[in-house]
Structures are given as structure tokens and as C-alpha cells.
Amino acid sequence: MDCPLHDSLLHVHCKGMLLNEERRVFYDTRVDNNDQPLEFSSGEGLVSVPGGLEMCVHLMLPGEIALVTCPPDYAYDKFPRPANVPEGAHVQWEIELLGFEMPKDWTGLNFKSIMDNAEKIRLTGNRQC
């Protein structure tokens, strides 16, 4: 599989910039996260990962770098904004997909393990909705 699936564990470096006159960087994993990549499971709708960033990563290959412009609806208007990002801001993300881990392989699991995992998924749901 070349591109990440819906429930893959993603490893990305990203830099968020405001699309204003200054083009100010408000977040950079290399600076703000001690050069540690951002890791998140796609499809969980985590409020810490804007929808536009997550959607674009699904179209990328490992090692690829993309420059993505997000209108407010896909930047932070539906997600908690960092204090340094104004309401209604257009955001540009520089995203590098470092790699991803495939979704869980359920082959060979016994019935109880499958049901325990299914219940965990059911309880987590899609937190974006």
C-alpha cells in the first residue's frame, strides 16, 4: 500500500503558516516539538489535527512534501485554535509524510479479541462529527 488508509497511524512533520502579509509561522514540529514528528491515527477526528491537514496526508506518499492551503472551515474554525491563530484565518500547511503504519490486521485473532477491539472502535467513534 503506497498511501495511508483511513485508520493508519501517520508520522508527519508539519509547519503551519498564516496566509497574511507576514506569512507568520505559528507551528512547526521541528521547532515546537523538538524535531519529533506529529503522530496521529487518521479517521479519529482528533480535535488537535485540523481536517484539511488530515485529508491531504491521505493523498501523499512517504517522503513526499506538500504545500496545502486551507480555508477557515478546514483549518481551525471547527477545531480548537491555538491562541496565536486568529478566528477565520486561512492557513497554509507544509506537510512531510515521513511514513505510516497500516491498520490493524485482524487475521488470526480469536473472537474475544476481535470483539474487544470492535468495542474500543465503537466507543471511540469519529470524534469529528
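Me: Tyr76 counts as buried, with a relative accessibility of 7%. What cut-off places a residue in the buried class?

Reply: A residue is called buried when its relative accessible area is under 20%. The model is a predicted one, and in it Tyr76, at 7%, falls into the buried class because its value lies under that cut-off. Phe26, with a relative accessible area of 8%, is buried as well.

Me: How should I read a pair of aromatic rings, and how many such pairs does the structure hold?

Reply: Two values describe an aromatic pair, namely the distance between the ring centres and the angle between the ring planes. The structure holds three aromatic pairs. One of them joins Phe26 and Tyr76 in an edge-to-face arrangement, with 5.9 Å from centre to centre and 75° between the planes.

Me: Which parts of the chain does the pair of Phe26 and Tyr76 tie together?

Reply: Phe26 belongs to strand β2 (residues 25-28), whereas Tyr76 sits in the loop between β4 and β5, so the pair ties together parts that are 50 residues apart in sequence. Tyr76 also forms an aromatic pair with Trp93; this pair is tilted, at 6.3 Å centre to centre and 50° between the planes. Here the loop between β4 and β5, with Tyr76, is linked to strand β5, with Trp93, and the two residues are 17 apart.

Me: Are Tyr76 and Trp93 buried or exposed, and which residues form one aromatic cluster?

Reply: Tyr76 and Trp93 are both buried. A single aromatic cluster is formed by Phe26, Tyr76 and Trp93.

Me: What else is Phe26 in contact with, leaving aside neighbours within four places in sequence?

Reply: The contacts of Phe26 beyond those neighbours include Gly16, Met17 and Leu18, as well as Pro82, Asn84, Val85 and Val91. Both Tyr76 and Trp93 are also on that list.

Me: How does one read a nonpolar core, and which residues of the largest one touch the most other members?

Reply: Nonpolar side chains of soluble globular proteins tend to be buried together. In this model the largest nonpolar core has 23 residues, and those touching the most other members are Phe26, Leu53, Val57, Tyr76, Val91, Trp93 and Ile95. Two or more core residues come from each of β1, α2 (51-57), β4 (65-70) and β5 (91-101). Strand β5 provides the largest share, five residues.

Me: How many disulfides does a search of the whole structure find?

Reply: A disulfide is a covalent bond that joins the sulfur atoms of two cysteines. The search finds zero disulfides. For Cys56, the closest cysteine sulfur is that of Cys70, at 5.7 Å, which is too far for a bond. Cys70 itself counts as buried, with 2% relative accessibility.

Methods: Residues are numbered from 1 along each chain as its sequence is written. This is a predicted model: local features need pLDDT of at least 70, side-chain atom pairs count only at pLDDT 80 or more; totals for chains, interfaces and linings use all residues. Side-chain values use heavy atoms; hydrogens and water are left out. A nonpolar core is a set of buried Ala, Val, Leu, Ile, Met, Phe, Trp, Tyr and Cys residues joined through side-chain atoms within 4.5 Å. Buried means under 20% relative accessible area, exposed over 50%, partly exposed in between (1.4 Å probe, protein chains only). Helices (H or I, at least four residues) and strands (E, at least two) are DSSP runs, numbered from the N terminus. Contact means heavy atoms within 4.5 Å. Rings of Phe, Tyr and Trp (its six-membered ring) pair if their centres lie within 6.5 Å; planes under 30 degrees apart count as stacked, over 60 as edge-to-face and the rest as tilted. A disulfide is a pair of cysteine sulfur atoms within 2.5 Å.
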